[in-house]
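Reader: I would like to go through this model with you. Could you begin with the overall architecture and then move to individual side chains?

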Amino acid sequence: MKTPIFFIPTMLAIFVSFLGALDGIIVRILSSDIHPFLIVFYRSIFGLIIIIPIFLKERDVFISSYRYLHLFRAFLKILALTSFFLAFKSVSLSDVVSISFITPFLIILGSIMFLKETPTKKHIIFSFIGFIGILIILKPGFSSIPDALYWALIGAILSACIQLILKKMSNKDKPNTLTVWNLLCTVPLAFIPALFFWTTLSLEMFILLTIQGLIGVLNMLFITKAMSMVDISYLAPYDFLRLPIISILAFMMFDEIPSASTLLGALIIFLSGFLISNLALNNKK
């Protein structure tokens with residue numbers, strides 16, 4: 001029996017969401033002792049070490065149709081990760097993840113504008129509903145917004161840009177090539193700001209950062225593979241699974257409980273994303 005075209009990318013997207021939630025937990029643990037720039041550098045270099053075997057097995061892994069675009073994507077990645085890590089350090093994990101949910105809607109908007117994916121009235125309506133969910137979480141005018149959440153917003157915008165660039169690059173470059181080149185570019189770029197916040201690692205830090213490196217590699221490989229199989233607008237809503245996962249983990253690890261507005265806003269965002277996902281699925285039939 002032939003595997004349905006959507007099964008594999010769906011499973012990959014779900015697993016990426018789980019890894020993303022686990023990554024947030026590790027950042028919260030590390031951020032009390034290590035600056036976000038250092039976390040970005042260490043996770044990148046450990047990720048590079050992990051994928052070294054790929055160099056040995058695939059001699060054509062360095063062959064890419066892009067040059068400077070790899071550097072630009074790595075630069076944006078450093079900024080995005082640092083922004084999210086600054087947010088994870090200071091505010092509720094569920095709030096940061098909820099704010100990051102704006103990324104799928106920006107991806108959908110960007111795919112329409114730059115990747116020539118065709119929108120419909122339903123796309124626009126469901127996306128508008130999603131932004132209402134974001135406003136419910138932020139509660140502008142009803143309460144002061146913590147400064148750290150602005151870092152989360154910046155990270156979300158940059159992440160959308162990265163995903164759109166990745167989608168374009170996945171049309172010509174293989175997933176392994178994109179992963180290898182991203183780490184090769186990220187390590188030297190991230191080393192420059194990391195120098196100003198250098199810290200000697202303890203054994204616990206070393207283990208956690210190694211796990212982070214593995215998570216980063218798997219995330220890039222899985223999401224790049226999924227993007228090469230289906231439209232980016234189909235994959236984007238699965239990112240919403242990070243909220244229930246990270247909320248459960250944050251409660252277990254740090255006794256954090258999401259606020260009612262966060263849960264309500266996230267539910268609205270999830271429903272709008274789910275409806276948009278169904279539109280993408282129906283368009284493929």
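This is a predicted model: local features need pLDDT of at least 70, side-chain atom pairs count only at pLDDT 80 or more; totals for chains, interfaces and linings use all residues.

Reader: What share of the 285 residues counts as buried?

Author: Of the 285 residues, 51% count as buried. The protein exposes about 14,000 Å², and carbon and sulfur atoms supply 72% of that area.

Reader: And among contacts between residues at least 6 apart, what percentage join residues at least 24 apart?

Author: The figure is 92% of those contacts.

Reader: Which residues have the most contacts inside the largest nonpolar core?

Author: They are Leu30, Ile51, Phe85 and Phe88, in a core of 56 residues. Leaving aside neighbours within four places in sequence, isoleucine 51 is in contact with Thr179, Val180, Leu183 and Val217. Apart from this core lies another, of 20 residues, which includes Phe6, Ala226, Leu235 and Tyr238.

Reader: Let us turn to serine 98. Is it buried or exposed?

Author: Serine 98 is buried, because its relative accessible area is 0%, and the cut-off for buried is under 20%. The residue sits in helix H5, which covers residues 93-100.

Reader: What does serine 98 touch?

Author: Not counting residues up to four places away in sequence, serine 98 touches Ile134, Ile137, Leu243, Thr262, Ala266 and Ile269.

Reader: Changing topic: how many salt bridges does the structure hold?

Author: The structure holds 2 salt bridges. One joins aspartate 23 to arginine 43, with the closest N and O atoms 2.7 Å apart. That pair links distant parts of the chain, since aspartate 23 belongs to helix H1 (residues 7-30) and arginine 43 to helix H2 (residues 36-50), 20 residues apart. Aspartate 23 is buried, with a relative accessible area of 8%, and arginine 43 also counts as buried, at 8% relative accessibility.

Reader: Which side chain meets arginine 28 in a salt bridge?

Author: That is glutamate 256, at 2.6 Å from N to O. Glutamate 256 lies in the loop between helix H12 (242-254) and helix H13 (260-284), whereas arginine 28 is in helix H1, so the pair ties together parts that are 228 residues apart in sequence. Glutamate 256 counts as buried at 16% relative accessibility, and arginine 28 counts as buried at 15%.

Reader: Now the aromatics. How many aromatic pairs are there?

Author: The structure holds 10 aromatic pairs. In one of them, the rings of phenylalanine 41 and phenylalanine 191 have their centres 5.4 Å apart and their planes at 50°, so the pair is tilted. Phenylalanine 41 lies in helix H2 and phenylalanine 191 in helix H9, so the pair ties together parts that are 150 residues apart in sequence. Phenylalanine 41 counts as buried at 5% relative accessibility, whereas phenylalanine 191 counts as partly exposed at 33%.

Reader: What is the geometry of the aromatic pair of phenylalanine 46 and phenylalanine 206?

Author: The pair is edge-to-face, at 5.1 Å centre to centre and with 80° between the planes. Phenylalanine 46 is in helix H2 and phenylalanine 206 in helix H10, 160 residues apart. Phenylalanine 46 counts as buried at 11% relative accessibility, and phenylalanine 206 as partly exposed at 40%.

Reader: Which residues do ring pairs link into a cluster?

Author: The cluster consists of Phe41, Tyr42, Phe46, Phe191, Trp198 and Phe206.

Reader: Finally, which residues form the nonpolar patch on the surface?

Author: Phe191, Ile192, Leu195, Phe196, Phe197 and Trp198 form that patch, with about 650 Å² of accessible area together.

Reader: Where is phenylalanine 196 placed?

Author: Phenylalanine 196 is in the loop between helix H9 (175-194) and helix H10 (203-227). At 68% relative accessibility, phenylalanine 196 counts as exposed, because exposed means over 50%.

Notes
Residues are numbered from 1 along each chain as its sequence is written. Side-chain values use heavy atoms; hydrogens and water are left out. Patches are made of residues with over 30% relative accessible area and no salt bridge: like charges are joined within 9 Å, nonpolar side chains (Val, Leu, Ile, Met, Phe, Trp, Tyr) within 5 Å. Accessible areas come from the Shrake-Rupley method with a 1.4 Å probe; for residues, only the protein chains shown count as cover. A salt bridge is a side-chain nitrogen of Lys or Arg within 4 Å of a carboxyl oxygen of Asp or Glu. Helices (H or I, at least four residues) and strands (E, at least two) are DSSP runs, numbered from the N terminus. Buried means under 20% relative accessible area, exposed over 50%, partly exposed in between (1.4 Å probe, protein chains only). A nonpolar core is a set of buried Ala, Val, Leu, Ile, Met, Phe, Trp, Tyr and Cys residues joined through side-chain atoms within 4.5 Å. Contact means heavy atoms within 4.5 Å. Rings of Phe, Tyr and Trp (its six-membered ring) pair if their centres lie within 6.5 Å; planes under 30 degrees apart count as stacked, over 60 as edge-to-face and the rest as tilted.
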